[in-house]
Amino acid sequence: MRNKAVFWASCFLAFALAVLTWQLNFVSSDEENLYLPATRQLPFVTYPSQLTQSKVFDNAHLVHGKEVSIWLFSLMQRLLHDFDSLRPLLWTVIAAWGLCAWLLFRVSFSYWGQHTALILWIVGIASFWPYVYVLLVKHQPIGLMFFLAAVRTLQYKAKGRWGQVCFFISGLLMAAALHASTVSALYLPFYAAAVGVRLRFQYRPGPSVLAGVLGGLLISYYLNYPDFWGNVRAFGAYIHQSQSANHFVFHQNVFKAWVPDPAAAYGGWRWII
């Protein structure tokens with residue numbers, strides 16, 4: 001009964017955010033200069049990796065690690081028949097955060113039980129940063145959604161071939177997380193821990209691990225084709241570059257209301273700790 005209550009509460013949270021932000025059509029973020037041009041260019045590329053090399057819009061290399069988010073933005077645009085306003089992008093991020101809230105409860109419930117899961121769910125929905133990401137229409141909630149879905153898939157205690165299928169799907173989802181948000185690279189140690197916990201109950205773990213690796217490589221190869229290694233190196237370079245500055249730097253006028261010195265506040269593991 002409580003599981004259903006948390007599910008519907010998460011749905012209500014997403015619905016309330018959609019209503020409250022109905023008139024929001026511009027924020028000083030990447031959506032106008034990067035996401036909207038990328039979604040408009042998506043139908044004209046042969047391979048997803050070509051978005052990062054586009055000459056149609058500026059700073060196309062910043063699409064590295066956000067290809068899946070761009071796809072989801074484009075899909076929502078088509079569902080809403082709206083290719084000009086911010087609403088499809090905003091609703092995509094809101095839907096992702098609503099699913100994150102639900103998945104956070106389910107993953108926690110499976111590991112630590114109902115009471116701990118409920119506490120973590122409350123902490124999650126009461127946290128400050130998810131709503132900042134929603135209001136700035138950022139990719140982070142989408143990456144978190146795929147990561148939690150990958151972990152949740154590992155928690156299904158299927159045996160034999162079905163267990164390998166779960167690992168394969170989990171690998172797909174984790175790779176999607178890495179290509180939905182550059183922040184998802186921070187989740188890799190947590191995902192490795194989830195895999196380790198799951199392998200304790202997996203008969204013949206070798207084939208399962210191989211299935212997960214194949215699932216991840218399948219998505220990664222498709223998204224980086226035809227120059228797989230070149231795009232992977234460019235993605236790694238972008239991840240390294242992103243460590244030198246973040247949204248605190250670019251949006252100091254917004255964050256200074258809560259952070260005394262936004263330019264000195266950096267991301268990475270400090271956000272997790």
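Tutor: A residue is buried when its relative accessible area is under 20%. The model discussed here is predicted.

Student: Does Ser10 count as buried or exposed?

Tutor: Ser10 is located in helix 1, which spans residues 2–20. Its relative accessibility is 2%, and the cut-off for burial is under 20%. Ser10 therefore counts as buried.

Student: Which backbone oxygen does the side chain of Ser10 reach, and at what distance?

Tutor: Setting aside neighbours within four places in sequence, Ser10 is in contact with Gly98, Ala101, Trp102 and Trp121. The side chain of Ser10 also reaches a backbone oxygen, that of Val6, at 2.9 Å.

Student: How many helices and how many strands does the protein chain have?

Tutor: Along the sequence, the pattern of the protein chain is α-α-α-α-α-α-α-α-α-α-α-α-α-α. Of its 273 residues, 48% count as buried. The secondary structure comes to 14 helices and zero strands.

Student: How are helix 7 and helix 9 oriented to each other, parallel or antiparallel?

Tutor: Helix 7 covers residues 140–154 and helix 9 covers residues 188–199; their axes come within 9 Å and cross at roughly 10 degrees. Angles under 35 degrees count as roughly parallel. Helix 7 and helix 9 are therefore roughly parallel.

Student: How many charged residues does the contact of helix 7 with helix 9 have?

Tutor: From helix 7, Phe147, Ala150, Val151 and Leu154 meet Phe190, Tyr191, Ala194, Val195 and Arg198 of helix 9. By class, this contact has eight nonpolar residues, no polar residues and, as for charged residues, one.

Student: How is helix 8 oriented to helix 9, parallel or antiparallel?

Tutor: Helix 8, residues 160–178, packs with helix 9 at an angle of about 175 degrees, and the axes are 12 Å apart. Because angles over 145 degrees count as roughly antiparallel, helix 8 is, relative to helix 9, roughly antiparallel.

Student: How many polar residues does the contact of helix 8 with helix 9 have?

Tutor: Here Phe167, Ser170, Gly171, Met174 and Leu178 in helix 8 meet Leu188, Tyr191, Val195, Arg198 and Leu199 in helix 9. By class, the contact has seven nonpolar residues, one charged residue and, as for polar residues, two.

Student: How many disulfides does a search of the whole structure find?

Tutor: Cys11 counts as partly exposed at 32% relative accessibility, and Cys166 counts as buried at 13%. A disulfide requires a pair of cysteine sulfur atoms within 2.5 Å. Over the whole structure, the number of disulfides found is zero.

Conventions. Residues are numbered from 1 along each chain as its sequence is written. This is a predicted model: local features need pLDDT of at least 70, side-chain atom pairs count only at pLDDT 80 or more; totals for chains, interfaces and linings use all residues. Side-chain values use heavy atoms; hydrogens and water are left out. Buried means under 20% relative accessible area, exposed over 50%, partly exposed in between (1.4 Å probe, protein chains only). Axes are lines fitted to C-alpha atoms, for helices over the stretch in contact, and angles run from 0 to 180 degrees between N-to-C directions. Helices (H or I, at least four residues) and strands (E, at least two) are DSSP runs, numbered from the N terminus. Angles under 35 degrees count as roughly parallel, over 145 as roughly antiparallel, 65 to 115 as roughly perpendicular and the rest as oblique. Contact means heavy atoms within 4.5 Å. Ala, Val, Leu, Ile, Met, Phe, Trp, Tyr, Cys and Pro count as nonpolar, Asp, Glu, Lys and Arg as charged, and the others, Gly among them, as polar. A polar contact is a pair of N or O atoms within 3.5 Å; within protein, one must be able to donate a hydrogen and the other to accept it, and residues adjacent in sequence count only if both atoms are side-chain atoms.
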